[in-house]
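Subject: Structure handover

Hello,

Here is the structure for you to look at. My notes on what was found in it follow below.

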Amino acid sequence: MNEQLTLLCLFILFSSLSVSFAGAADGEKNPFTPKAYAIRYWDKEIRSTLPKPPFLLSKASPLSAAESAAFVKLAAQNALDQRLPEFCASAKLLCFPEVGSSFEKHDKDANFAVYRDKNFTNYGTGRPGGVDSFKNYSEGENIPVNDFRRYSRDSAGHKDSFLSYSTEGNVVQQSFHTYAAGATGGAGDFKHYSEETNVPNLDFTSYSDDANGRTQSFTSYSENGNAGEQSFSSYGKNGNGPTNAFTSYGTGSNVVGSGFSNYAENTNAPNDTFKGYGVDMNNPTNTFSNYAAGGNGAVEKFSNYRDKANVGADSFTSYAKSANAADVGFSNYGKSFNEGTDAFTSYAKSSNGGTKVGFTSYGVNNTFKEYSKETATFSFAKYTNVSTTLSVSASEASGRMVNKWVEPGKFFREEMMKEGTVMPMPDIRDKMPERSFLPRSILSKLPFSVSKIDELKRMFRASDNGSMERMMRESLEECERAPSRGETKRCVGSLEDMIDFATSILGRNVAVRSTENDKGSKKSVMVGPVKGINGGKVTQSVSCHQSLFPYLLYYCHAVPKVRLYEADLLDPKSKSKINHGIAICHLDTSDWSPTHGAFVSLGSGPGRIEVCHWIFQNDMAWTIAD
C-alpha cells in the first residue's frame, strides 16, 4: 500500500511539472535543470500574470541537471579550476583560452588573416627581409590571447604589419616580449590596432631594444577603446636612431591608462612623435617614467596631446633626465575642456646642455617639480593659467567641441518622448561578451570580494595584472563601492538573486522590460506611439546594467523619482517599425556630478533639469506591473 501511495505521489508531481513546462524549449523540459528551477522560482516569487520575458530567461544557466550537480560538488570543494575549460564551455562563461607555445621558424612571408589565440615564440628570429601581415587578426573575439615572444629578434629589414588587429574584441590580452630586439632596419606597423575594443590589455616589454634604425608606427591605436591599459616597458631602450610615431592613439577612448616606462632610455637620436594622442578621450591616465632618460639627441614631439579630453591625468617622472641635447616640444598639450592634472617631476634634470623644452598652448592645473632650469632651456608660450578657465557656458556645452565624447542621443530631455519626434539613437548594441547566469547553488559557493581576488584568479586561471584580473577587480570594486545618497544597490550573478533584489524594492507584483533589439543604433529614429509606464506617473525603478565578469553579472540599483516610457521606434523615411524602446527619465539629478556626460551634452547642471536615456540592449528596468 505504501509503495502504491509513493508511486501515486510521484505521478502527481511529474504530471504537475509536465503541465508547467508544456511548450518549453528542450533545455527546460527536464524539471531538475537550473533553468527549470529558475522558472519555478519566478512563479513562486512574482505575482504578476504578465508573460515571462524571453530576453531574461535566455540568460539562465544552460547547464544540464547532471552538469549542475557535478559542478556544485566541485565548487563546494573549491576545485572548479580542475575542470575549468569544461565548466566555462558548459556554463557559457567568459574564460581565457589555453594558448600553447609555438616554436616554428618561418622562412617565408606569412599572411595571418582571421587568426586568434596564438603564442608566437622565436617567430622571424634572425630573418633577413620579408613581410609578415596580420590582417583582421583576432577580430571580434572575446578574450583573444596572443603572445609575441622574441618576435623578429635580430632580424634585418623585416617588416611587420598589424592591420585591424584585434578590433572590436572583448577583454583583449596581447603581449609583445623582446619584440624586434636587436633588429636592424625594418618596420612595425600597427594600424587600427585594438580599435573599438573593450578593456584591452596590451603589453610591450623590451620592444625594439637595442634596435638599429627601426621604424614603428601606431595609427588609430586603441581608438574608441573602453577602459583599457597599455604598457610600454623598456620600449626602444638602447636603440640607435629609432623612429616611433603615435597617431590618433586612444582617440575617443573611455578611461584608458598608458604607461611608458624606460621608453627610449639611453637611446641615440630617437625621433618620437605623439600626434593626436588621447584626443577626445574620457579621463585618460598616462605615465611616462624615465622616458628618454640618458638619451643622446632625442627629438620628442607631443602635438594635440589630450586635446579636448575630459579631465585626465598625466605624469612625467625623470623625463629626459640626464639627456644630451634633447629637443622636446608640447603643442596644444592638455587643452581638456574639464581640468586635468599633469605632474612633471625631475623633468630634464641633470641634462647635459643643449636640451630644449617648449610648451605651446599648454593647459591648466600643472605641476613642475625639480625640473632643470640650469642645464635646459624652457619656453612657455600661450600657457593657460588657472584664471584663464577652460570651463564652458551652457550654450557652449552643447557645442561640438565639448560633447564629442558624449555620443549624440545618449541623453535627452523628456519633451523628446513625443510621437513624431526624430532624434539620434546612440549605439545601444550590447558590446559585452555573451555569458549566462550561474545557478544560485553554484554561485553561493564562489568567492565574491576584492579581498578574495587571489582565490578568483586561481579559479579562473587569471595571470597577475592581466586583463582577467583587472576585469574582475574593477567589477568587484564597483560592487563594493558605498552606495550614493539614497541609492540601494546589489550585484547579482543569478536569476534568483535578481528576482530577490527587484521584489525587495518594488514588491512582488513586478514587470521587467528592455529595448527589443539594437536596430536604429547610431542612426536617426522617429518616435512612434508612446506609452507611459505606470500611467506615466512618477515612480520607482530597479535598473540593472551588465558588468564584466567571467559569468553574467548585473549591477542593479533602485532608482527613485523616475518616469518610464515605452515607444515604437520607426525608420524616419519609411515610417516602418524597427524597434521597441524603453526610456527612463531621471527627475532628480541634484546628486549627479557637474561633469556628468548628461550636463556636458545637454548644457545644464545638477538638479536643474531632468535627464532621459534609453535602456540599452540587454540592460533592463524593473517596475511595478501595470
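This is a predicted model: local features need pLDDT of at least 70, side-chain atom pairs count only at pLDDT 80 or more; totals for chains, interfaces and linings use all residues.

Strands β28 and β29 pair in the antiparallel sense, with 9 bridges between them.

In β30, Trp614 is the residue opposite Ala583. Strand β29 covers residues 577-586 and is mostly covered, with 8 of its 10 residues buried.

**The chain as a whole**

The protein chain has 13 helices and 31 strands. It has 626 residues, of which 53% count as buried. Taking contacts between residues at least 6 apart in sequence, 75% join residues at least 24 apart.

In soluble globular proteins, nonpolar side chains tend to be buried together. Here the largest nonpolar core has 35 residues, and those with the most contacts inside it are Leu80, Phe87, Leu93, Leu438, Ile442 and Met472. Two or more residues each come from α5 (65-76), α6 (84-91), α9 (440-443), α10 (453-460), α11 (467-480) and β28 (553-570). The element that gives the most is α11, with 5 residues. Another core lies apart from this one; it has 25 residues, among them Ala38, Ile46, Ala60 and Cys556.

What does Leu93 touch, leaving aside its neighbours within four places in sequence? Its contacts are Phe87, Cys88, Arg435, Ser436, Leu438, Phe460, Pro550 and Tyr551.

Leu446 sits in the loop between α9 and α10. Is Leu446 buried or exposed? Its relative accessibility is 11%, so Leu446 counts as buried, the cut-off being under 20%. Beyond its neighbours within four places in sequence, Leu446 is in contact with Ala75, Leu80, Leu438, Met459 and Tyr551. Between Leu446 and Leu456 there are 8.2 Å, C-alpha to C-alpha, and the two are 10 residues apart in sequence.

**The cavity**

A search of the whole structure finds 1 cavity of 30 Å³ or more. The volume of the largest cavity is about 50 Å³. Its lining consists of Pro34, Ala38, Ala60, Ser61, Phe437, Leu438, Pro439, Leu495 and Glu496. By class, 7 of the lining residues are nonpolar, 1 is polar and 1 is charged. At least two lining residues are supplied by each of α3 (34-45) and α12 (495-506). Leu438 is in this lining and is also among the residues with the most contacts inside the largest core. Ala38 and Ala60 line the cavity too, and both belong to the core of 25 residues.

**Two loop residues with positive phi**

Most residues other than glycine have a negative phi. Asn78, in the loop between α5 and α6, has a positive phi near 55°. Asn618, in the loop between β30 and β31 (620-624), has a positive phi near 75°. Asn78 is partly exposed because its relative accessible area is 37%, while Asn618 counts as buried at 18% relative accessibility.

Regards

Definitions and conventions
Residues are numbered from 1 along each chain as its sequence is written. Side-chain values use heavy atoms; hydrogens and water are left out. On a 1 Å grid over the protein atoms alone, a cavity is a set of points where a 1.4 Å probe fits but cannot get out, and a pocket is an open set with protein on both sides within 12 Å along at least five of seven lines; lining residues have an atom within 4 Å of a point. Grid points are joined across faces, edges and corners, and a volume is the space filled by probe spheres set on the points. Helices (H or I, at least four residues) and strands (E, at least two) are DSSP runs, numbered from the N terminus. Ala, Val, Leu, Ile, Met, Phe, Trp, Tyr, Cys and Pro count as nonpolar, Asp, Glu, Lys and Arg as charged, and the others, Gly among them, as polar. A nonpolar core is a set of buried Ala, Val, Leu, Ile, Met, Phe, Trp, Tyr and Cys residues joined through side-chain atoms within 4.5 Å. Buried means under 20% relative accessible area, exposed over 50%, partly exposed in between (1.4 Å probe, protein chains only). Contact means heavy atoms within 4.5 Å. Two strands pair if DSSP finds at least two bridges between them.
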